[in-house]
Amino acid sequence: MKIARLAMTASIAVACGFGFAAAAAEPAHTHWGYEGAAGPADWGHLSPDFAACEGGKAQSPVDIAKTIPAKLGPVAVSYQGGAVEVVNNGHTIQANPKATSSIEVEGKRYDLLQFHFHHPSEHAVNGKRAPMELHLVHKNQETGDLVVLGVMIVPGAANPALDAVWTVMPDKEGTAKSPATVDPAQLLPAGRDYFRYEGSLTTPPCSEVVHWVTFKQPITASDAQINRFAALFKDNARPLQPLNRRFVLESEGK
Ligand SMILES: [Zn+2]
């Protein structure tokens, strides 16, 4: 029955681990976190569905250090501003847009499902982590493949789109009473050169179904914005995973 289980894992893995569909599909919620007995080193033992967290060979996040320059097409972004539902799911703050937004990568369309945040960043560049990282999770409706756009967040000018989310985000687990109005395009850097590699969800079930696109240029948030998130999530970044036989491609700058 291994195949059936794998297929199910793939089908419920709609998010970077924070799947809203997963909650409905899984009969019993398996508790996991970032420290203690249910921390990252133990994820693989917590449930048979989480086996990839320990046995997988294409896990995320990774340190982006040695890269291969490549002729990669641009990521075409078609985002729409509008209402987003803001949820504190106990692992992060997740925003679920109501409007349809999408990206196109290598001729395939991926719809934006949700975006969420990590403190500190999960990916590192040359061994260095940023204060925060944003993940915008997209899915191809035909294949179920995911593209996650990763954006590093460093201290600087306040970001108004973050303010909209931060203003309504609940301090405890639950959904914000009122939606935020956000244009997700305001969360992307102006420069769109990127790193690309094949990896996984960074949270259980750690499914290896993610095409990672990490922008080289960060966006900024004010110290106050970063501190506000850090007060809720002291550390919600999975440790770096070995690259193994994978390689990281780097789009050539203009
Ligand atoms: Zn994430």
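**Figure 1. Helix H6 and the elements that cover its buried residues.** In this predicted model, the cover over the buried residues of helix H6 includes strand S7 (108-118), strand S10 (132-139), strand S11 (146-155), helix H5 (160-168) and strand S16 (219-221). Helices (H or I, at least four residues) and strands (E, at least two) are DSSP runs, numbered from the N terminus. The buried residues of H6 (residues 223-232) are Gln225, Ile226 and Phe229. A residue is buried if 20 or more other C-beta atoms lie within 10 Å of its own, exposed if 12 or fewer, and partly exposed in between, with C-beta atoms placed from the backbone. Viewed down the axis of H6, its buried residues fall within an arc of 95°, so they line one face of the helix; the arc is that of the directions from the helix axis to the C-beta atoms. Exposed residues Asp223, Ala224 and Ala231 are carried on the face of H6 turned away from its buried side.

**Figure 2. The largest nonpolar core.** This core has 58 residues, and Val86, Val148, Val151, Ile153 and Val165 have the most contacts inside it. Its largest share, seven residues, comes from S11. A nonpolar core is a set of buried Ala, Val, Leu, Ile, Met, Phe, Trp, Tyr and Cys residues joined through C-beta atoms within 7 Å. Leaving aside residues up to four places away in sequence, Val165 touches Val86, Ile93, Ala95, Ala180 and Val182. Two residues are in contact if their C-beta atoms, placed from the backbone, lie within 7 Å.

**Figure 3. The surroundings of Cys53.** Cys53 is found in helix H4 (residues 52-55) and is buried, with 28 other C-beta atoms within 10 Å. Not counting residues up to four places away in sequence, Cys53 touches Trp43, Gly44, Pro204 and Cys206. Cys53 and Pro204 are 151 residues apart in sequence, yet 6.7 Å apart in space, C-alpha to C-alpha.

**Figure 4. An open sheet of three strands.** The strand order is S1-S8-S9, with mixed pairing. Strand S1 (63-64) and strand S9 (128-129) are the edge strands, each pairing on one side only. S1 and strand S8 (residues 124-125) pair in the parallel sense over two bridges; two strands pair if DSSP finds at least two bridges between them. Asp63 stands opposite Ala124 in S8.

**Note on the model.** Residues are numbered from 1 along each chain as its sequence is written. Local features need pLDDT of at least 70, side-chain atom pairs count only at pLDDT 80 or more, and totals for chains, interfaces and linings use all residues.
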